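The sequence and the structure come first.

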Amino acid sequence: MSLKVAVQMDPIQRINVRGDSTFALLLEAQKRGHAIAYYTPDRLALSGNRLFATVETLSVRDVVGDHFTLQEPRRVELTAFDVLLLRQDPPFDLAYVTTTHLLERIHPRTLVVNDPVGVRNAPEKVFVTEFPDLMPPTLITRDLAEIKAFRAAHGDIVMKPLYGHGGGAVFRVTRDDLNFGSLYDMFAVTFREQWVVQKFLPAYKEGDKRIILVDGEFAGAVNRIPAADDLRSNMVRGGVATATDLTKREREICARLGPALRARGLLFVGIDVIGDFITEINVTSPTGIRAVQNVGGPDIAALIWDKIEGMRKKLA
Ligand SMILES: Nc1ncnc2c1ncn2[C@@H]1O[C@H](COP(=O)(O)OP(=O)(O)O)[C@@H](O)[C@H]1O
Ligand SMILES: [Mg+2]
């Protein structure tokens with residue numbers, strides 16, 4: 001089966017060829033003979049109720065410094081595609097949310113992965129609160145009295161932005177940290193949104209495990225160990241990827257989440273687990289495909305395309 005595939009992503013010129021999950025998906029799509037049309041979110045246009053984009057035919061190569069070729073731009077109606085990969089990176093701001101409203105117009109006639117409604121309704125650090133027994137004690141607020149009470153109850157905490165990513169502005173605040181007041185003020189002026197206050201998990205040292213689920217089923221995992229001098233295990237902050245297996249608890253977590261993810265059309269999801277607790281459910285543009293494979297794990301891009309092709313057959 002050869003599919004017409006469109007990919008909405010950030011500029012392909014700038015991606016990290018070795019680590020990018022979108023790129024892994026594109027390489028696999030090309031290998032299977034699917035035609036790929038590429039565009040960035042700023043090339044979308046809803047005209048009346050018809051959705052267009054100026055796209056360029058894309059071919060990819062797994063070669064650093066020479067990883068893509070684009071053909072000349074053409075304006076097309078997005079209903080012309082069988083599949084659309086929604087793969088732009090955060091920030092998850094109103095521009096992102098608007099994208100989900102626009103793509104909702106063509107889904108599922110054009111199968112959008114992940115389902116734009118599911119993406120919009122499941123911001124990573126909010127969605128997880130639907131599973132309170134699987135997450136650490138967590139507060140989402142900007143109210144000082146609430147945070148003080150939470151601190152009094154839980155001792156050491158972590159404060160981090162609700163729509164942050166890549167470990168940006170993640171702080172540990174100990175029980176008697178005199179900087180808390182200033183940090184609160186800094187958050188209050190920096191962020192318009194509520195933010196996350198979470199019980200500090202000493203298990204951060206053993207790593208933050210990225211577990212990938214494809215259509216609600218466990219597909220692969222990689223552990224990320226933080227550098228000795230940093231709280232954050234994000235690879236962009238010096239975290240090191242290592243091979244890993246799932247614990248019994250992590251298998252339970254996957255089994256619990258699976259049906260909720262499937263029901264929302266969240267085909268490709270990455271959850272993060274620190275010491276038996278989920279801290280985020282990444283649905284916007286999860287990463288980890290290449291990291292899992294680099295530590296000897298399965299070919300998740302192939303699993304995802306198997307699923308997409310199967311779903312497309314059912315829709316046809
Ligand atoms: N509650 C916590 N306890 C200990 N460490 C944490 C906690 N929350 C986050 N961290 C550390 O900070 C890193 C980044 O936090 P995370 O919530 O994953 O935000 P981001 O979306 O920026 O990746 C985690 O990988 C982990 O190392
Ligand atoms: Mg994270």
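## The ligand site

How far is an oxygen atom of ligand 1 from an N or O atom in the side chain of Ser233? In this predicted model, the separation between the oxygen atom of ligand 1 and the side-chain N or O atom of Ser233 is 2.8 Å. Two further side chains place polar atoms beside oxygen atoms of the ligand: that of Asp208 at 2.5 Å, and that of Lys160 at 2.7 Å. Ligand 1 would expose 540 Å² if taken alone, and the protein buries 98% of that area.

Strand E10 (157-161) and strand E12 (195-199) are the elements that contribute two or more residues to the shell around ligand 1. The ligand is surrounded by 21 residues, of which Lys125, Lys160, Gly167, Asp208 and Glu280 are the closest. Sorted by class, this shell comprises seven nonpolar, eight polar and six charged residues.

## The nonpolar cores

The largest nonpolar core has 41 residues, and within it Tyr39, Leu78, Leu103, Ile271 and Ile281 touch the most other members. At least two residues of this core come from each of several elements, including strand E2 (35-39), strand E4 (50-60), helix H2 (94-103), helix H7 (248-263) and strand E17 (277-282). Another core, of 35 residues, lies apart from the largest one and has Ile15, Val83, Val113 and Val292 among its members.

## Helix H1 and Ser21

Helix H1 spans residues 21-31 and includes Ser21. The helix is mostly covered, with nine of its eleven residues buried; among them are Thr22, Phe23, Leu26 and Glu28. At the start of H1, a side-chain oxygen of Asp20 comes to within 2.9 Å of the backbone nitrogen of Thr22, while after the helix comes Gly33, with a positive phi near 85 degrees.

Is Ser21 buried or exposed? Ser21 counts as buried because its relative accessible area is 1%, where the cut-off for burial is under 20%. Leaving aside neighbours within four places in sequence, the contacts of Ser21 are Arg87, Phe268, Pro286, Thr287, Gly288, Ile289 and Arg290.

Definitions and conventions:
Residues are numbered from 1 along each chain as its sequence is written. Chains are lettered from A and ligands numbered from 1 in the order in which they are written. This is a predicted model: local features need pLDDT of at least 70, side-chain atom pairs count only at pLDDT 80 or more; totals for chains, interfaces and linings use all residues. Side-chain values use heavy atoms; hydrogens and water are left out. A nonpolar core is a set of buried Ala, Val, Leu, Ile, Met, Phe, Trp, Tyr and Cys residues joined through side-chain atoms within 4.5 Å. Buried means under 20% relative accessible area, exposed over 50%, partly exposed in between (1.4 Å probe, protein chains only). Helices (H or I, at least four residues) and strands (E, at least two) are DSSP runs, numbered from the N terminus. A residue is near a molecule or strand if one of its heavy atoms lies within 4 Å of it. A polar contact is a pair of N or O atoms within 3.5 Å; within protein, one must be able to donate a hydrogen and the other to accept it, and residues adjacent in sequence count only if both atoms are side-chain atoms. Accessible areas come from the Shrake-Rupley method with a 1.4 Å probe; for residues, only the protein chains shown count as cover. Ala, Val, Leu, Ile, Met, Phe, Trp, Tyr, Cys and Pro count as nonpolar, Asp, Glu, Lys and Arg as charged, and the others, Gly among them, as polar. Contact means heavy atoms within 4.5 Å.
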